[in-house]
Protein chains: 2
Amino acid sequence: MHSLEAPQLFAMLAVMLAGAKVMGAIAQKFGQPAVLGELISGLILGRSGLALVDMHHETMEMLMELGVFVLLLAIGLETELPKFFKAGKTSTVVAVAGVVLPFVLGYGACRLLGMVDIASIMAGATLTATSVGITARVLSDLGKLGSEEGQIILGAAVIDDVLGLVILTVVKGMAGGASPTLGSVAWTTAVAFGFLIVVILAGKLLMPWLLRAAGLIEMPGTPTILALILALALAWAADRAGSALILGAFAAGLLLNAVPRAHEIEHGVTVLGHFFVPIFFVGVGASVDLHYLDPRLADGRWALLIGGVLIFVGIFGKLFAGYAPYWFKGRKSIIGVGMIPRGEVGLIFGQMGMTAGIFDESLFAGVTLMVLVTTFLAPPLLKRLVGSHRGGELPDSADGIEDLVMEA
Amino acid sequence: MHSLEAPQLFAMLAVMLAGAKVMGAIAQKFGQPAVLGELISGLILGRSGLALVDMHHETMEMLMELGVFVLLLAIGLETELPKFFKAGKTSTVVAVAGVVLPFVLGYGACRLLGMVDIASIMAGATLTATSVGITARVLSDLGKLGSEEGQIILGAAVIDDVLGLVILTVVKGMAGGASPTLGSVAWTTAVAFGFLIVVILAGKLLMPWLLRAAGLIEMPGTPTILALILALALAWAADRAGSALILGAFAAGLLLNAVPRAHEIEHGVTVLGHFFVPIFFVGVGASVDLHYLDPRLADGRWALLIGGVLIFVGIFGKLFAGYAPYWFKGRKSIIGVGMIPRGEVGLIFGQMGMTAGIFDESLFAGVTLMVLVTTFLAPPLLKRLVGSHRGGELPDSADGIEDLVMEA
């Protein structure tokens, strides 16, 4: 870990935010989500490129943790629990199939390639979650957000996120200890689900009381800061309970989604996210060393092979999941393709695998390649399937949080 | 420097923000500015009290640097250059006298106490700047913001801030090198003023071009992030030019004050400030060890002596400055008392003296005591002088930035 002085930090942050803005705008000009531009700006600025940005500092790692934290809080704030429960059988089946198929295929493929158990599980886990932000953005651009297929995809993507978080927690729990057993997997799954359930139930009971207490502190910016305090505390509690920090942030978002001043909180968190979230995405890009994908080296060929296999099972796992609700009369191919982009959640998994020492450089580069390719691929494929390109408006909810992923 | 894990960081941030909010609200209930509550919450949570918060981490120091950065950017955004030049002879005389008198008195007193040159200069410097935020808030609470005395105080407080920044830069420049000579003081003064002038002139020329370029990147949150990029870059440039980071942040604020979307930028910076600025104030409080003021110890008596002397010259230096415009027909005592509270700028100086190794623990504790006492003293004294307590509204500009200092 290198030591950091303030001028160097300021210079790196300036370069990262500028890179994120410029490449994000260019990505959007080409009909791609801004998050892709941010990732690519990280590749350009970091270890793969100009080496202007060095993420190997405690402060940079902590700023990235705060970035994921704000992002998950924002996603939680977006997730309406009642809607979520009403998402229906079709969405649930698509989501579960879309988590199980890529995970099992990814795990199996990695084991066949000779990788160890824990790394194979983590690699499989990176394939599970669909990016809500990217999916919603692409559907909206195609004017398909309100269609039956669009609603199913959105519902499934949200369920996906929660399942992905649970898997992440399970994997993270295993990373700390010995090789996974059925018992340990069951236990960490129970802790993750248990934490979510306890927080939501306790929150429903305590929220009126908390809101009254919060009403005593009436100053500008207060709702957002109180929301941050709750989210930071729950993140810490999730960690203490043996689960993942971000599960706490997400749970706080779920709880705050229904409070009277949720809109104010959402706005404040979004403004904070405009600063913190690009640091995460650019930081992930800057951490990747594309030299590990050099086909002239044995390690590079290995990373390309893993990346290729992950891309293959990542695409077909989600595509088949679209056909899982066999009774559905609409176009199942649209659902399948709509679930393909991995985006931010895949990156969070990859970053965690790296931090936990489960992934080596090759595997991390392979996972990043998978995220890049699946995210690049979905928009043009969807356009082809839908055929006509109609302009569409984002739903109201999207002008707050989702632009963190889509347009920030 | 201790190493830091994410859960510990999250727990500390939760505790700091919660302490800032609760103690800030209590301070306001007692008619005191919120920043005092934040400082005191730092005293409670940090080394002087519960030791729940440990600022001796690279990440915490960097977050504090970002806090000062956001605060100075916000103050710059508040400072209207034309108004600033029109502030008039009276304000200028009050400001210059209010900088020179406390500085000379403080320096002299410290030298008489046997302190070395550089520490005496830094201690004198901490006495120079009046807190714009606290002054404005107190005047508004007394319904005196629009009075002639009020306008003079506000103008002088703003000029104070700029002079204080220049002095800070000079002192910081000297801290890096050998003992100060007239030449080195003149040189660092020239660099600080030169930087401000060059940035403002270059900014006036380049701003239309920059704004056109920025217009190409139209995404939510963009104005604020572009402002941050400019401010981070200028802060870095100021450091490279041999000046202080925060001078660059302040200069960026001055430049952005007049752009078409300044209001949007101000709003975004304020939201970021609600997160970052309390971290700075609580952090300063947490860094102080009040055990160094223990009168049973020789060091404690020494710190109390220094603190007492600084309080004395700090109060009378500013009070006399109120009488400097001898031709003014209004109540000069109100002007003098209105200039007394030191608040955030004194703390920034003290923190820098500590970081640069100029201040030892006793001196740092003494300076913090001075800031606490002068800030506590002004509101009741002003109330006594003005006599009647009329409710007053803050001016429009204050609902954005100034609440960072006053109510955040």
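Which residue lies over the face of A:Trp327, and at what distance from the ring centre?

1. A:Lys89 does, at 4.6 Å from the ring centre of A:Trp327. In chain B, B:Lys89 lies over the face of B:Trp327, also at 4.6 Å from the ring centre. A charge is taken to sit over a ring if NZ of Lys or CZ of Arg is within 6 Å of the ring centre and within 35 degrees of the ring normal.

2. On the basis of this note: the model is predicted, so local features need pLDDT of at least 70 and side-chain atom pairs count only at pLDDT 80 or more, while totals for chains, interfaces and linings use all residues. Residues are numbered from 1 along each chain as its sequence is written, chains are lettered from A and ligands numbered from 1 in the order in which they are written, and side-chain values use heavy atoms, with hydrogens and water left out.

3. On the contact between the chains. Chain A and chain B each give 52 residues to the contact, where contact means heavy atoms within 4.5 Å. The two chains bury about 4,400 Å² between them, and 80% of this is on carbon and sulfur atoms. Buried area is the accessible area (1.4 Å probe) that two parts lose on being put together, summed over both. Of the area that chain A buries against chain B, 16% is supplied by A:Phe10, A:Lys21 and A:Met219, more than by any other three residues.

4. On polar links across that interface. Zero salt bridges are found between chain A and chain B; a salt bridge is a side-chain nitrogen of Lys or Arg within 4 Å of a carboxyl oxygen of Asp or Glu. Seven residue pairs, with both residues at pLDDT 80 or more, are in polar contact between the chains. A polar contact is a pair of N or O atoms within 3.5 Å; within protein, one must be able to donate a hydrogen and the other to accept it, and residues adjacent in sequence count only if both atoms are side-chain atoms.

5. On the elements involved. On the side of chain A that touches chain B, the elements giving two or more residues are helix H1 (6-29), helix H3 (58-78), helix H10 (222-240) and helix H12 (262-287) of chain A. H1(A) gives the most, with 15 residues. Helices (H or I, at least four residues) and strands (E, at least two) are DSSP runs, numbered from the N terminus.

6. On aromatic pairs. Over all chains there are 15 of them. Rings of Phe, Tyr and Trp (its six-membered ring) pair if their centres lie within 6.5 Å; planes under 30 degrees apart count as stacked, over 60 as edge-to-face and the rest as tilted. The rings of A:Phe316 and A:Phe320 have centres 6.0 Å apart and planes at 50°, so this pair is tilted. Both residues lie in helix H13 (residues 298-321) of chain A, four residues apart, about one turn of the helix. A:Phe316 is partly exposed at a relative accessible area of 33%, and A:Phe320 is partly exposed at 47%. Buried means under 20% relative accessible area, exposed over 50%, and partly exposed in between (1.4 Å probe, protein chains only).

7. On the pair in chain B. B:Phe316 and B:Phe320 have ring centres 6.0 Å apart and planes at 50°, so they too are tilted. They are four residues apart in helix H13 (residues 298-322) of chain B, about one helical turn. Another aromatic group, one cluster, is formed by A:Phe275, A:Phe276, B:Phe275 and B:Phe276.

8. On salt bridges. The count over all chains is ten. One joins the side chains of A:Arg111 and A:Asp117 (3.3 Å, N to O); A:Arg111 is partly exposed at 39% relative accessibility, and A:Asp117 is partly exposed at 26%. Another joins A:Glu264 and A:Arg261 (2.9 Å, N to O). A:Arg47, A:Asp289 and A:Glu361 are linked in a network of salt bridges.

9. On B:Arg47. Its side chain meets that of B:Asp289 in a salt bridge (3.6 Å, N to O). B:Arg47 lies in the loop between helix H2 (34-45) and helix H3 (58-78) of chain B, and B:Asp289 in the loop between helix H12 (262-287) and H13, so the pair ties together parts that are 242 residues apart in sequence. B:Arg47 is partly exposed at 35% relative accessibility, whereas B:Asp289 is buried at 12%. The side chain of B:Arg47 also reaches the backbone oxygen of B:Ser287 at 3.0 Å.
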